[in-house]
Amino acid sequence: MISAVGWPMWALIILFICGLVLIIKGGDFFVDAATWMAEVSGIPHFVIGATVVSLATTLPELIVSCLGAARGSNAIAIGNAVGSVTANTGLIMAISIICIPAAVKRSQYAFKSVLLMVATAILYAASFGKRFSTVGSLLLLIIFIVSVYESIKNAKAESAKTEKRSFEKKEIPINIFKFIVGAAGIVIGADFLVSSATEIATVSGVSEAVISATIVAVGTSLPELVTTVTAIIKKQSSLSVGNIIGANLIDIAIILPICSFISKDGLVSCPQNLYLDIPVCLGLLGIALVPMLIKGKFTRAQGIILLILYLAYVVFISFFNPFPTV
């Protein structure tokens, strides 16, 4: 991760613009390659989004959180992972639902959605006490393994009964190139954006916990945002929602357990994490997923509610935060 500490303002602005360009172009390449993979393999766009795409787009969260844990910055490690899930749900999924409200196959979404809510509840329970519990970390890892197994099983089943698109051999290297370059552009661009934005906020005297839950969380979620916007433009809503649900599972069930294991003194939840960040995250997940599981569709009103609540949370935590010294 690049360090922008001490950089002049003009250099931070240039770094921010470079990051934005890398993310936008990288997202375009990445969605093109992921869509091609789905078409030629016969695997549904949702499964591709929830596995391959989400693994790549969560790299910024993994890098930032692990670096924070290794350096003893618990607020960065926990706030970034939880904040990214909150941003993914209240901002990115909301935008996707508002733009493309649609009926969904509950059989595709139900299992991962339930796993995600259970994982977040376990995270909350494991955060009470002096340290993030080892039992909680192990339970989260088990949830992730179950999720991966279910994705592989579904991919095999759907691929066997779905008609595959024929393709020319020359398409393979082109799309592999697009996938790798797109992923690299997204990750590097997010790093540039987070580093520049964090330094600007730090100079302004904003607390680490607020920075991690807002600027850093949104910054590391930019790959999901760009992938979602690109997928909306290309009319691939299943790829978008699948990416968000898969990315959220990785944020909760992989990143935090890894951080708890590599952190020198173990992860410690600050009051802001415990009494504000995680409860808000759970609430937004409930609003996003429970109605979909009951009715089998996402509605535009649902997206609007999510977006309003997320923006209210950001404003509250930025200007009326009851834990300003964390």
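1. Helix H5 comprises 21 residues and reaches 29 Å from its first C-alpha to its last, close to the 30 Å expected at 1.5 Å a residue. The model under discussion is predicted.

2. The buried residues of H5 include Gln108, Tyr109, Lys112, Ser113, Leu115 and Leu116. Further along the helix, Ala119, Thr120, Ile122, Leu123 and Ala126 are also buried. As background, an α-helix has 3.6 residues a turn, so residues three or four places apart point the same way.

3. Ala119 lies in H5, which covers residues 106-126. Ala119 counts as buried because its relative accessibility is 0%, the cut-off being under 20%. When neighbours within four places in sequence are left aside, the contacts of Ala119 are Leu140, Ile143 and Ile252. For Leu140, the separation from Ala119 is 21 residues in sequence and 6.0 Å in space, C-alpha to C-alpha.

4. The largest nonpolar core contains 58 residues, and Met93 and Phe298 have the most contacts inside it. Helix H10 (residues 237-262) supplies the largest share of this core, namely 11 residues. Met93 is in contact with Phe298, and also with Asn88, Val241, Ile244, Ile245 and Ala288, leaving aside its neighbours within four places in sequence.

5. Glu171 belongs to helix H7, spanning residues 171-203. With a relative accessibility of 19%, Glu171 counts as buried, since the cut-off is under 20%. The side chain of Glu171 makes a polar contact with the side chain of Trp36, at 2.6 Å.

How values were computed. Residues numbered from 1 in each chain as written. Predicted model: local features only at pLDDT ≥ 70, side-chain atom pairs only at ≥ 80, totals over all residues. Heavy atoms only, no water. Core = buried A, V, L, I, M, F, W, Y, C linked by side-chain atoms within 4.5 Å. Buried < 20%, exposed > 50% of the residue type's maximum accessible area, 1.4 Å probe, protein only. Helix = DSSP H or I, 4+ residues; strand = E, 2+ residues; numbered from the N terminus. Contact = heavy atoms within 4.5 Å. Expected span 1.5 Å × (residues − 1). Polar contact = N/O pair within 3.5 Å; in protein donor to acceptor, adjacent residues only side chain to side chain.
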